[in-house]
Amino acid sequence: MKRERATTLLNDMLNRLEEGAWPLDLVDEILVFGSYARGALNPSDVDLVVEHRRDDRLTSEFLHALSYGRDPSASMKRALKGNSRGLQIHFGERKTLEAEGFELTLLWTRGEPIGAARARLAAIAPDPTAGRAPRDHMIEAFDGIDHWVPRPVRIDLTDLADRGAATICQVQLPDAQPTHPAAHEALNRWSDTSPLRRAAAAVLAHLEAASCPLDSVHLHGEPVIGSRYSDTEWQTGIGFGWRYYRSLFHHLQEGTDWFEVVRPTRTQALHTLHIAIQDRSALSRR
């Protein structure tokens with residue numbers, strides 16, 4: 001991403017913040033770090049730390065999202081980013097990042113006019129010698145897709161791999177269609193042009209080729225065969241875009257593996273992480 005584009009995204013965010021609509025009226029502080037803050041001309045994205053409080057409405061949405069395996073920060077992310085991509089937001093991680101040695105640059109704090117944030121943004125000068133910041137918490141499986149794996153996810157998965165609890169590898173799934181009638185029925189959750197349908201078809205076809213029984217597969221929040229309320233222990237979980245990431249560790253306590261299509265698209269490569277249990281006792285020490 002060109003630096004000019006990154007700066008535009010930040011100014012657009014400040015415009016939204018200035019309007020003060022919910023939930024942005026709950027934001028206390030925004031800081032920037034990483035390659036953009038160091039002046040890189042072509043940052044991969046812009047890393048931000050956002051500290052905010054919660055009111056009853058945001059708390060209710062947070063708990064509801066957790067209970068359904070969804071992103072609990074979705075409302076705040078949408079309010080800050082709109083429909084644009086390129087801002088990587090880390091909520092409530094200031095102390096953790098500072099303890100790890102990251103240099104954070106204050107952009108805005110509650111009580112200040114937005115003009116102060118714009119002045120600080122303008123003061124972050126481009127530096128042609130500043131390359132992209134190296135990613136922390138990296139394993140080989142993240143190569144080439146790390147910008148689609150949020151930092152908290154990288155931390156958790158790297159820890160699993162380091163402790164030998166699971167093996168994690170990146171696989172490239174080709175476009176394919178499963179043949180089992182139940183798989184076709186499961187795909188009807190999505191329209192023919194949905195990127196989620198394309199991703200689901202590719203993973204189910206991959207599992208069929210590996211002779212994985214579909215009655216043990218949990219597909220993006222729903223079983224392929226049977227009811228979510230049954231006592232079945234789903235052996236293989238499938239998720240898209242980290243929406244059900246918070247269910248992953250619960251699934252691995254009983255199941256065997258998980259396929260995460262990190263960025264479902266209609267036409268581009270289906271980058272997928274395969275997370276397989278190696279030592280369940282190590283998983284329980286998480």
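This is a predicted model: local features need pLDDT of at least 70, side-chain atom pairs count only at pLDDT 80 or more; totals for chains, interfaces and linings use all residues.
Trainee: What is the volume of the largest pocket?

Mentor: The volume of the largest pocket is about 1,800 Å³. On a 1 Å grid over the protein atoms alone, a pocket is an open set of points with protein on both sides within 12 Å along at least five of seven lines, whereas a cavity is a set where a 1.4 Å probe fits but cannot get out. Grid points are joined across faces, edges and corners, and the volume is the space filled by probe spheres set on the points.

Trainee: How many residues line that largest pocket, and which lie nearest its centre?

Mentor: The lining has 46 residues, and D71, K77, K81, P150 and G241 lie nearest the centre. A lining residue has an atom within 4 Å of a point.

Trainee: Which elements give two or more residues to the lining?

Mentor: They are β2 (46-52), α3 (74-81), β3 (87-91), α6 (151-162) and α9 (245-254). With five residues, β3 gives the most. Helices (H or I, at least four residues) and strands (E, at least two) are DSSP runs, numbered from the N terminus.

Trainee: How do the lining residues of the largest pocket divide by type?

Mentor: There are 17 nonpolar, 15 polar and 14 charged residues. Here Ala, Val, Leu, Ile, Met, Phe, Trp, Tyr, Cys and Pro count as nonpolar, Asp, Glu, Lys and Arg as charged, and the others, Gly among them, as polar.

Trainee: Turning to cavities, how many of 30 Å³ or more are found?

Mentor: The search of the whole structure finds one. The largest cavity has a volume of about 40 Å³, and its lining is formed by H52, R54, L58, F62, P72, S73, M76 and F91. That lining divides into five nonpolar, two polar and one charged.

Trainee: M76 is in that list; which residues of α3 are buried?

Mentor: In α3, S75, M76, A79 and L80 are buried, where buried means under 20% relative accessible area, exposed over 50%, and partly exposed in between, with a 1.4 Å probe and protein chains only. Seen down the helix axis, these buried residues fall within an arc of 125 degrees, so they line one face of α3. The arc is that of the directions from the helix axis to the C-beta atoms.

Trainee: Why would such residues point the same way?

Mentor: An α-helix has 3.6 residues a turn, so residues three or four places apart point the same way.

Trainee: And α9, which of its residues are buried?

Mentor: The buried residues of α9 are Y245, L248, F249, H251 and L252. Their arc around the axis is only 160 degrees, which puts them on the same side of α9. R246 and H250, on the other side, are exposed. The elements that cover the buried residues of α9 include α6, β8, β9 (257-261), β10 (270-277) and α10 (280-283).

Trainee: New topic: is E29 buried or exposed?

Mentor: E29 is buried, at a relative accessible area of 15%, and its place is in strand β1 (residues 27-33). Its side chain is joined to that of R94 by a polar contact of 2.6 Å. A polar contact is a pair of N or O atoms within 3.5 Å; within protein, one must be able to donate a hydrogen and the other to accept it, and residues adjacent in sequence count only if both atoms are side-chain atoms.

Trainee: What about W242, which is not a glycine: what is its phi?

Mentor: W242 has a positive phi of about 70 degrees. W242 sits in the loop between β8 (236-240) and α9, and counts as buried at 9% relative accessibility.

Trainee: And S211, buried or exposed?

Mentor: S211 counts as exposed, at 64% relative accessibility. S211 has a positive phi near 60 degrees and belongs to the loop between α8 (195-209) and β6 (217-219).

Trainee: Lastly, which residues does the cis peptide bond join?

Mentor: The cis bond joins W22 and P23, with omega about 0 degrees. P23 is found in the loop between α1 (3-19) and β1.

Technical notes: Residues are numbered from 1 along each chain as its sequence is written. Side-chain values use heavy atoms; hydrogens and water are left out. Contact means heavy atoms within 4.5 Å.
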